[in-house]
Amino acid sequence: MAAIVQAQANQILTATLAIGGSNTVGATSPLKLKLTSTAPSSTTAGTELSATGYTAGGTAITFATASGGSTSGPTGSAISWTNSGGSSWGSIVGLEVWDTAGTPVRWWFGTWSGQPIVIAAGNTFSVSVSAVTVTLS
Amino acid sequence: MSEQPPEGVTVVDREDGTQIIYATATLEAAVATGNDDEETG
């Protein structure tokens, strides 16, 4: 199952195989976690959620030290958004991890377990510590 | 609400009647998708 953006997979190949003598690759921190209302793919970003109480552009996320080909985030504390509008947010389908380069780069993507997730007015969508697992296998 | 949340989603009721929806996700990318078995003759 793909979970890494195709262009960034190419960067990893380029770096780890020293293609063209290049060995540099990496995201510019801080990373941002974005919610999407459509399913992202390796070549196409999802449609970012547009809703009252959601932070457009996403919220900073950090990941734990990788071990066994896997890591998880967020670290430290949960990330939460509360629907402060008067109506439901509709469907939350996907997530994307972007960096904060001058032109932000999308690195990872996926869909939430049990999606689509609907957040009624007043309710909170929360991502607990280590609720997002990222694995290279 | 008695409806069961889908797998991977946890719903917690708050005293004010609102809810917190805890979501999870697994992003898994395959590095090697070819033949991992070495066959030697």
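## Cis prolines

Pro30(A) sits in the loop between α1 (6-16) and β1 (31-36) of chain A. The model is a predicted one.

A cis bond also links Gln115(A) to Pro116(A), and its omega is about 5°. Pro116(A) belongs to the loop between β7 and β8 of chain A. As background, most peptide bonds are trans.

## A positive phi at Ser130(A)

Ser130(A) is not a glycine, yet its phi is positive, about 70°. Most residues other than glycine have a negative phi. Ser130(A) lies in the loop between β9 and β10 of chain A.

## The loop around Ala120(A)

Ala120(A) is in the loop between β8 (117-118) and β9 (124-127) of chain A. It has 13 other C-beta atoms within 10 Å, so it counts as partly exposed.

Which residues does Ala120(A) contact, leaving aside neighbours within four places in sequence? They are Asn83(A) and Ser88(A). Gly86(A) is 34 residues from Ala120(A) in sequence, and their C-alpha atoms are 8.6 Å apart in space.

Strand β7 of chain A spans residues 106-111. It is mostly covered: 6 of its 6 residues are buried.

Its pairing with β6(A), residues 94-98, is antiparallel and runs over 5 bridges. Within this pairing, Gly94(A) stands opposite Thr111(A) of β7(A).

## Chain B

Chain B has 41 residues, of which 12% count as buried. It holds 3 strands and 0 helices. Along the sequence the pattern is β-β-β.

## A sheet across both chains

Strand β10 of chain A, residues 132-136, runs parallel to β3(B), and 5 bridges join the two. Thr133(A) stands opposite Thr26(B) in β3(B). Thr135(A) has Glu28(B), also in β3(B), as its bridge partner. In general, strands of a sheet pair through backbone hydrogen bonds, either parallel or antiparallel.

These two strands belong to an open sheet of 3 strands, in the order β3(A)-β10(A)-β3(B), with mixed pairing. Why is one side of β3(A) and of β3(B) left without a neighbour in the sheet? Both β3 (70-73) of chain A and β3 of chain B stand at the edges, each with a single partner strand, so one side of each has no neighbour there. From one strand to the next, the twist averages 15°.

Notes:
Residues numbered from 1 in each chain as written. Chains lettered and ligands numbered in written order. Predicted model: local features only at pLDDT ≥ 70, side-chain atom pairs only at ≥ 80, totals over all residues. Helix = DSSP H or I, 4+ residues; strand = E, 2+ residues; numbered from the N terminus. Buried ≥ 20, exposed ≤ 12 C-beta atoms within 10 Å, placed from the backbone. Contact = placed C-beta atoms within 7 Å. Pairing = 2+ DSSP bridges. Axes fitted to C-alpha atoms, helices over the stretch in contact; angles between N-to-C directions.
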